[in-house]
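Biologist: I'm new to this one and have it open on my screen. Can you walk me through it?
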Amino acid sequence: MSSLQGYVDRRVLLILQDGRAIVGKMAGYDQKSNIVLSESKERVYSIDEGVEEIPLGLYLVKGDMIILIGEIDEVLDEAVDLPSIRAEPIPPIRY
Amino acid sequence: MLPLSLLNAAQNKPMLVELKNGETFNGHLVNCDNFMNITLREVYQTNADGDRFWKLKECYIRGSTIKYLRVPDALLDAVKEEQNRAREAGRSARGGHIGGTKGKVASSSLPKSYTVQKAWDEAHW
């Protein structure tokens with residue numbers, strides 16, 4: 001049985017169906033994978049500018065929208081110089 | 001902490017709701033249910049491009065159309081505190097130890113919404 005319990009109180013990355021990447025601390029979850037994220041920030045990727053982090057605060061994301069949840073290696077993540085990263089943004093899902 | 005406990009505690013608090021189609025709704029939560037259907041009052045609606053706005057007195061949003069909700073930061077600590085209090089009250093009610101309810105009765109007899117409201121008043125949106 002897979003569970004999100006191991007992610008609680010850890011820093012995680014959410015990728016949503018609209019292509020957004022949100023990082024934050026997972027404060028809770030439920031059966032439907034609805035997620036409570038505290039101190040969350042959106043990471044906006046682009047080709048001609050560095051990664052921009054936009055603070056979002058306390059978020060409740062619906063499970064329907066979530067494509068993936070990944071635990072962040074905090075040491076590794078802090079070593080990354082986001083403003084120097086150039087990357088194609090993830091396009092939204094199309095049906 | 002369950003997402004729905006957070007949402008329940010957000011009653012009468014300001015929130016931002018984005019729908020799957022990109023429209024956003026800013027307003028105060030009036031009510032919600034377990035499907036995450038919600039009603040908001042004094043709402044500012046914005047279209048997906050963010051260039052058109054509507055003001056609504058009240059609106060109902062079906063839970064299944066919601067992408068995410070943004071709620072005040074202070075709510076997290078308020079809900080955690082309330083849960084600790086409920087746990088403590090439950091433990092002493094089941095008789096953890098003799099005479100252990102002294103001093104605890106006062107705090108658990110406060111209305112449930114009290115700590116949530118207090119934490120909210122102390123912080124700000």
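This is a predicted model: local features need pLDDT of at least 70, side-chain atom pairs count only at pLDDT 80 or more; totals for chains, interfaces and linings use all residues.

Biologist: Which way do S3(A) and S4(A) pair, and over how many bridges?
Modeller: They are antiparallel, with eight bridges between them.

Biologist: And what does S4(A) join in chain B?
Modeller: Strand S5 of chain B, residues 66-71. Four bridges hold that pairing, and the two strands run antiparallel.

Biologist: Who is the bridge partner of Val61(A) there?
Modeller: Tyr68(B), in S5(B). Leu60(A) has a partner in S5(B) too, namely Leu69(B).

Biologist: Ok, zooming out. How many residues does the contact take from each chain?
Modeller: Chain A gives 15 residues and chain B gives 16. On the chain A side, strands S2 (21-29), S3 (35-44) and S4 (52-61) each supply at least two of the residues that touch chain B.

Biologist: Which of them has the largest share?
Modeller: S4(A), with six residues.

Biologist: How do the residues on that side of chain A divide into nonpolar, polar and charged?
Modeller: Nine are nonpolar, four are polar and two are charged.

Biologist: Switching topic: what does UniProt list for residues 2-75 of chain B?
Modeller: An unreviewed entry there gives "domain: Sm" for that stretch.

Biologist: How much helix and strand is in residues 2-75 of chain B?
Modeller: The stretch is 12% helix and 53% strand. Its end C-alpha atoms are 13 Å apart.

Terms used: Residues are numbered from 1 along each chain as its sequence is written. Chains are lettered from A and ligands numbered from 1 in the order in which they are written. UniProt positions are given in the numbering used here, feature names are shortened, and annotations may be inferred rather than shown by experiment. Two residues are in contact if their C-beta atoms, placed from the backbone, lie within 7 Å. Ala, Val, Leu, Ile, Met, Phe, Trp, Tyr, Cys and Pro count as nonpolar, Asp, Glu, Lys and Arg as charged, and the others, Gly among them, as polar. Two strands pair if DSSP finds at least two bridges between them.
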